[in-house]
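Hi there,

Here is the structure I promised to pass on to you.

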Amino acid sequence: MQLAQLAAIAACVLLAALAVFQAALIAGAPLGRFAWGGQHNVLPTKLRIGSATSIILYVLFAYVGLAKAGMAAPLVNQGFTDVFCWVLTAYFAVGIVLNGISRSKPERLVMTPTVVILTALYLVLSLN
């Protein structure tokens, strides 16, 4: 198996775990201190909608990773997939900063390393 394929699979596993976490937040699990700035233990409706949107985006992000690694058909075309993968790499890199400055210590301790890993995985994919 190639490095890009391993990176895509690892990214999908991590994104799936984040999707499960977001689904728990939507269901009312008292885990809000790990997300959305950590201001709410149980998320209000607006943030639950944000969590639902996140799940949809995670599916798209996972697909882009798989497409970039040649494990799924490209989005639109290969050039678009290549650019989108770089955009995701930058998006996750910004997430490092945003999670790193969160007022919520649990969010900083859990989500910052998570986004560091996603940034590294999508960088591997982008360079492939």
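**What I found**

Within helix H2, the buried residues are Gly50, Ser51, Ser54, Tyr58, Phe61, Ala62, Val64, Gly65, Ala67 and Lys68. Buried here means under 20% relative accessible area, exposed means over 50%, and partly exposed is in between (1.4 Å probe, protein chains only). Helices (H or I, at least four residues) and strands (E, at least two) are DSSP runs, numbered from the N terminus.

Before you go further, two notes on the source. This is a predicted model, in which local features need pLDDT of at least 70 and side-chain atom pairs count only at pLDDT 80 or more, while totals for chains, interfaces and linings use all residues. Residues are numbered from 1 along each chain as its sequence is written, and side-chain values use heavy atoms, with hydrogens and water left out.

Back to H2, which runs over residues 45-68. From its first C-alpha to its last, this 24-residue helix reaches 35 Å, close to the 34 Å expected at 1.5 Å a residue; the expected span is 1.5 Å times one less than the number of residues. What covers the buried residues of H2? The cover includes helix H1 (3-26), helix H3 (78-100) and helix H4 (105-127), where contact means heavy atoms within 4.5 Å. After H2 comes Gly70, with a positive phi near 80°.

Now try H1. It also has a list of buried residues: Ala4, Ala7, Ala8, Ala11, Cys12, Leu15, Leu18, Ala19, Phe21, Gln22 and Leu25. These pack against H2 and H4. H1 has 24 residues and spans 34 Å between its first and last C-alpha, close to the 34 Å expected. Gly28 follows H1, and its phi is positive, near 100°.

How many disulfides does a search of the whole structure find? The search finds 0, a disulfide being a pair of cysteine sulfur atoms within 2.5 Å. Cys12 is in no disulfide, and the nearest cysteine sulfur, that of Cys85, is 11 Å away. Cys12 counts as buried at 19% relative accessibility, and Cys85 is buried too, with a relative accessible area of 0%.

Finally, find Ile101 in the loop between H3 and H4. Is Ile101 buried or exposed? Ile101 is exposed, because its relative accessible area is 62%. Ile101 and Gly37 are 64 residues apart in sequence, and their C-alpha atoms are 9.4 Å apart in space.

Enjoy exploring!
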